[in-house]
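Hi everyone, thanks for coming.

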Amino acid sequence: MLRVFLRFILITMTLGFSSALAAEENSNEIKAVYDLKTGDSKTLERSLISGVMKNSVYYQNQLQELKVKVVIHGDSYKFFQKESKMAEIAKKLKSLHESYGVEFEICKAGLKKNNIPEQSIYPFVKIIPNATVGLIGAQNEGYAYIPIH
């Protein structure tokens, strides 16, 4: 009986310690989902491109990691199309993806509504059923909501 009790205590302590370590690891990750609807390139550069870079540096200095998702819809499709006149902005967006791990998700319903072929979207952008699904999913995963309208 004593042996069973000691095993129970040992298992309980091990599980508790493992849970504490997992919680500590997760506390080093800060998550944000940007609701990108703007068609204004200055707003995009200031709020998203510059903002993500500056905030990433801030959290790195706090020994934390900023994990970012961007849900694209509204007037922002033009920034993510291969044939667009926004090539310089597209380079910066691709750099956010490659250097900072930013995940870009674009609304398939909006692409269809605006007659934008899926093949015209940059390959670093994931096509999702609709923006609402992306925003709900991210917020349920603990991402803080940041609108850029």
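**The sheet and its helices**

Okay, let's start with strand 1 and strand 2: they pair in the parallel sense, over eight bridges. Pairing here means that DSSP finds at least two bridges between the two strands. Helices (H or I, at least four residues) and strands (E, at least two) are DSSP runs, numbered from the N terminus.

Quick housekeeping: this is a predicted model, where local features need pLDDT of at least 70, side-chain atom pairs count only at pLDDT 80 or more, and totals for chains, interfaces and linings use all residues. Residues are numbered from 1 along each chain as its sequence is written, and side-chain values use heavy atoms, with hydrogens and water left out.

Now find Tyr34. Its bridge partner in strand 2 is Val70, and Tyr34 also stands opposite Ile146 in strand 5. Strand 1 and strand 5 run parallel, joined by five bridges.

What is the order of the strands in the open sheet? It goes 4-3-2-1-5, five strands with parallel pairing. Strand 4 and strand 5 (144-148) are the edges, each pairing on one side only. On average, neighbouring strands are turned by 25 degrees against each other, direction ignored.

Over at strand 4 (residues 125-128), the pairing with strand 3 (residues 103-107) is parallel too, over four bridges. There, Ile106 has Ile127 as its bridge partner, and Glu105 has Lys126.

Strand 1, helix 2 and strand 2 make a right-handed β-α-β unit; right-handed means that, with the strands pointing away from the viewer, the path from the first strand over the helix to the second runs clockwise. Strand 3, helix 4 (residues 108-113) and strand 4 make a right-handed unit as well.

Helix 2 lies across strand 1 (29-36), strand 2 (65-72), strand 3 and strand 5, running at about 180 degrees to strand 1. Axes are lines fitted to C-alpha atoms, for helices over the stretch in contact (heavy atoms within 4.5 Å), and angles run from 0 to 180 degrees between N-to-C directions.

Finally, how far apart are the axes of helix 2 and helix 3? Helix 2 (residues 41-61) and helix 3 (residues 87-100) have axes 11 Å apart and pack at an angle of about 20 degrees. That makes helix 2 roughly parallel to helix 3 (angles under 35 degrees count as roughly parallel, over 145 as roughly antiparallel, 65 to 115 as roughly perpendicular and the rest as oblique). Among the residues that meet are Leu44, Leu48 and Val52 in helix 2, and Ile89, Leu93 and Leu96 in helix 3.
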